[in-house]
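Good morning, and thank you for the time. I shall take you through one structure, shown here.

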Amino acid sequence: MYDTACRAVAQAGTVAATASLDSEQPWPMLLVAGWLTTATDCALAAGQLAEFEAAFSV
């Protein structure tokens, strides 16, 4: 999951840098928001999974 989160953040950074340099349509920034949301969701899910595994480890 962390791999997916890292790729999402990298994509968001690339698009944000490109979109801020260009006079583009607003949709690239919507992609940034989507990728950052994906990264956040993956990080939260990984944290919850780690807590669950720690609670039930033998």
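I begin with Leu30, which is found in helix H2. Helices here (H or I, at least four residues) and strands (E, at least two) are DSSP runs, numbered from the N terminus. Please note that this is a predicted model: local features need pLDDT of at least 70, side-chain atom pairs count only at pLDDT 80 or more, and totals for chains, interfaces and linings use all residues. Residues are numbered from 1 along each chain as its sequence is written, and side-chain values use heavy atoms, with hydrogens and water left out.

The chain as a whole has 2 helices and 0 strands. Its accessible surface comes to about 4400 Å², of which 65% belongs to carbon and sulfur atoms; such areas come from the Shrake-Rupley method with a 1.4 Å probe, and for residues only the protein chains shown count as cover. Of the 58 residues in the chain, 17% are buried. Buried means under 20% relative accessible area, exposed over 50%, and partly exposed in between (1.4 Å probe, protein chains only).

Is Leu30 buried or exposed? Leu30 is exposed, because its relative accessible area is 61%. Leu31, also placed in H2 (residues 27–55), counts as partly exposed, because its relative accessibility is 33%. Together, Trp27, Leu30 and Leu31 make a nonpolar surface patch of about 330 Å².

The buried residues in H2 are Pro28, Val32, Ala39, Cys42 and Ala46. The C-alpha atoms of Leu44 and Ala5 are separated by 10.0 Å, the two residues being 39 apart along the chain.

Finally, the structure holds 1 aromatic pair. The ring centres of Phe52 and Phe56 are 4.8 Å apart and their planes lie at 50°, so the pair is tilted. Rings of Phe, Tyr and Trp (its six-membered ring) pair if their centres lie within 6.5 Å; planes under 30 degrees apart count as stacked, over 60 as edge-to-face and the rest as tilted.

How values were computed
Patches are made of residues with over 30% relative accessible area and no salt bridge: like charges are joined within 9 Å, nonpolar side chains (Val, Leu, Ile, Met, Phe, Trp, Tyr) within 5 Å. A salt bridge is a side-chain nitrogen of Lys or Arg within 4 Å of a carboxyl oxygen of Asp or Glu.
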